[in-house]
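The sequence and the structure are shown first.

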Amino acid sequence: MLFSKAIIRTLLSVGGSEAGTVIQPPIILRSVATSGPCAAKKMAVVKLNAGERSELLTPLFDKGWTMVDNRDAIYKEFLFKDFSESWGFMSRISLKAEQMNHHPEWFNVYNKVQITLATHDCGGLSTKDVKLATFIESVAK
């Protein structure tokens, strides 16, 4: 299901100023998928060809991304000052990933975030992976 930034809203309300104040959990509003003429058309995702791989992946390899052994996917590990910084990094990526409907495989322990990107719809790397990896690099700075 696709959710746009405009549709996803997290509202955090805090109770009064007295002792024992309760912070309520976030409320997430989502659109409901529809079918018919108003539904978004899903375009087929295709694997990167040899020319695209050379042109689009080289800048990512220059920034430390590597190919995953025995799989058509890319990987990078990011290190941060602490857990809060790594979690903030992941939060920014999650919003973009949801907007793109393209979600990373990732692992987080304290200040370390490991990310693997591949497009399951085509069984390998696509322009979606390049676009998300490029965004990830922009927020990692």
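## Basis and overall layout

Contact here means heavy atoms within 4.5 Å. The model is predicted, and the values below are computed from it.

The protein chain contains 3 helices and 6 strands. Along the sequence these elements follow the pattern β-β-α-β-β-α-β-β-α. Of the 141 residues in the protein chain, 26% are buried. Among contacts between residues at least 6 apart in sequence, 58% join residues at least 24 apart.

An open sheet is formed by 4 strands in the order 3-4-6-5, with antiparallel pairing.

In general, the strands of a sheet pair through backbone hydrogen bonds, in either a parallel or an antiparallel arrangement. Here, strand 4 (residues 74-79) and strand 6 (residues 112-117) are joined in the antiparallel sense over 6 bridges, and Ile 74 stands opposite Leu 117 of strand 6.

Glu 105 has Thr 116 in strand 6 as its bridge partner, Trp 106 is bridged to Ile 115, and Asn 108 stands opposite Val 113.

The hairpin has 2 residues between the strands, and Tyr 110 takes a positive phi near 45° there.

## Packing of helix 2 against helix 3

How do helix 2 and helix 3 run relative to each other? Their axes come within 10 Å and cross at roughly 150°. An angle over 145 degrees counts as roughly antiparallel, and helix 2 and helix 3 are therefore roughly antiparallel to each other. The crossing of helix 2 and helix 3 is right-handed.

From helix 2, the residues Phe 89, Arg 92, Ile 93, Lys 96, Ala 97 and Met 100 meet Lys 128, Lys 131, Leu 132, Phe 135, Ile 136, Val 139 and Ala 140 of helix 3. The residues of this contact divide into 9 nonpolar, no polar and 4 charged.

## Packing of helix 1 against helix 3

Helix 3 (residues 127-140) also packs with helix 1 (residues 50-62): the axes come within 11 Å and cross at roughly 30°. Angles under 35 degrees count as roughly parallel, and helix 1 and helix 3 are therefore roughly parallel to each other. The crossing of helix 1 and helix 3 is left-handed.

Helix 1 contributes Leu 56, Leu 57 and Leu 60 to the contact, and helix 3 contributes Thr 127, Val 130, Ala 133 and Thr 134. The residues of the contact of helix 1 with helix 3 comprise 5 nonpolar, 2 polar and no charged.

## Two buried residues

Is Ser 86 buried or exposed? Ser 86 lies in helix 2 and counts as buried because its relative accessibility is 0%, the cut-off for buried being under 20%. Leaving aside neighbours within four places in sequence, Ser 86 is in contact with Phe 80, Asn 108, Tyr 110, Asn 111 and Val 113. Ser 86 and Lys 112 are 26 residues apart in sequence, with a C-alpha to C-alpha separation of 6.7 Å in space.

Thr 116 is found in strand 6. At 13% relative accessibility, Thr 116 also counts as buried. Which residues beyond four places in sequence are in contact with Thr 116? They are Val 68, Arg 71, Ala 73, Ile 74, Tyr 75, Pro 104 and Glu 105. Within this set, Glu 105 is the residue that has Thr 116 as its bridge partner in strand 6, and Ile 74 is the residue that stands opposite Leu 117.

How values were computed
Residues are numbered from 1 along each chain as its sequence is written. This is a predicted model: local features need pLDDT of at least 70, side-chain atom pairs count only at pLDDT 80 or more; totals for chains, interfaces and linings use all residues. Side-chain values use heavy atoms; hydrogens and water are left out. Axes are lines fitted to C-alpha atoms, for helices over the stretch in contact, and angles run from 0 to 180 degrees between N-to-C directions. Angles under 35 degrees count as roughly parallel, over 145 as roughly antiparallel, 65 to 115 as roughly perpendicular and the rest as oblique. A crossing is left-handed if the near helix is turned anticlockwise from the far one by less than a right angle, and right-handed if clockwise. Ala, Val, Leu, Ile, Met, Phe, Trp, Tyr, Cys and Pro count as nonpolar, Asp, Glu, Lys and Arg as charged, and the others, Gly among them, as polar. Two strands pair if DSSP finds at least two bridges between them. Buried means under 20% relative accessible area, exposed over 50%, partly exposed in between (1.4 Å probe, protein chains only).
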